[in-house]
Amino acid sequence: MIKQIKTSLFLLSLVILPAAYAWTEADPLWNKTMSQYKQTNQWVPKDMRTQLDAERKDQPSKTAYIKSTLNGWEKQEPKYTIAATDSNWQILPEQKKSAEGINKMLTGLDELKSSLLEGEVKVKRLANENLDGKNLAVFQLSDDGAGKKVSIKVWVHPDTACMVKMDTSMHVAFYADADFSTRYTEPGKEGLCFRGQMQGNIDIQIPFKKAKMSIKQNHADWTPKPVN
C-alpha cells in the first residue's frame, strides 16, 4: 500500500508544479519573509520523527513510525540514517527500505511547497489575525484552474518576518486532496525560525488506488549545510 501511495503523490506533484507561475509585486514584509525562508533552506534538521497512518478500503489500517538521524553529507546535501521504529522510537529490525520510501515521499512534499513559495506565485496580503496571543500578518498564495487548486496561507510575525504557521491545501481532480499545517519555532540560530511540527492528511482518489493518510512529522536540532 505504501508503494501505491508514493506513486500517487509523485503523480500529484507532476500535475501541480507547472502551475506555480503567476507573477505579482510582493509586499515588503513578504519579501523579508521569503529571504529568511530561503536562508532556512540552507539548514537541515539533525533529527526527524514521522508518524504515518494509512488506510485503504477493506484493508486494516497501518501505522509507521520513522526516525531519521543526520549522519553526514554528500555534495552539500544531507544523508540520513533512516529506520522504522515502534511508537517509542525504538528501531525495528529489517525495515530500512520501507522507512526510506516514506521519508522520500515526505521530502518530495516539502520540495513541492518550496517550489510554490519560491516561484513567481501570486501573493495576497489579508487582514491581520491573532494567533497564540500574537497579532500576525497573513498572506495567501493560490493557483486555480484546469482541475487543480493549490492554496497556501502563511502567518508571519511583523517584527521578525518569521513564519509562525503555514497551511497548505491541494486539490487535483481524480488524483488527491491534501491538507497540511506546519508550525515554526521561535527565532533561534542566526535569528531564523525553522519548521517545528508538520501534520496533515492526504486523500488519494485515483481509481483502484484510493487511500487515506494522516501524517505527523517533528524536526529538531537544525544545523547549516556545509559551504562549497
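**Ground rules.** I am working with a predicted model, where local features need pLDDT of at least 70, side-chain atom pairs count only at pLDDT 80 or more, and totals for chains, interfaces and linings use all residues. Residues are numbered from 1 along each chain as its sequence is written, and side-chain values use heavy atoms, without hydrogens and water.

**Helix H2.** I looked up H2, residues 28-40 (helices are DSSP runs of H or I, at least four residues, and strands are runs of E, at least two, numbered from the N terminus). Which residues of H2 are buried? I found Leu29, Trp30, Thr33, Met34, Gln36, Tyr37 and Thr40 (buried is under 20% relative accessible area, exposed over 50%, with a 1.4 Å probe and protein chains only). They cover an arc of only 160° around the axis, so they sit on the same side of H2 (the arc is taken from the directions from the helix axis to the C-beta atoms). On the face turned away, I noted exposed Pro28 and Lys32.

**Nonpolar core.** Next I checked the largest core, which has 15 residues (a core is a set of buried Ala, Val, Leu, Ile, Met, Phe, Trp, Tyr and Cys joined through side-chain atoms within 4.5 Å). Trp30, Phe139, Val154, Met163 and Met166 touch the most other members. H2 gives the largest share, four residues.
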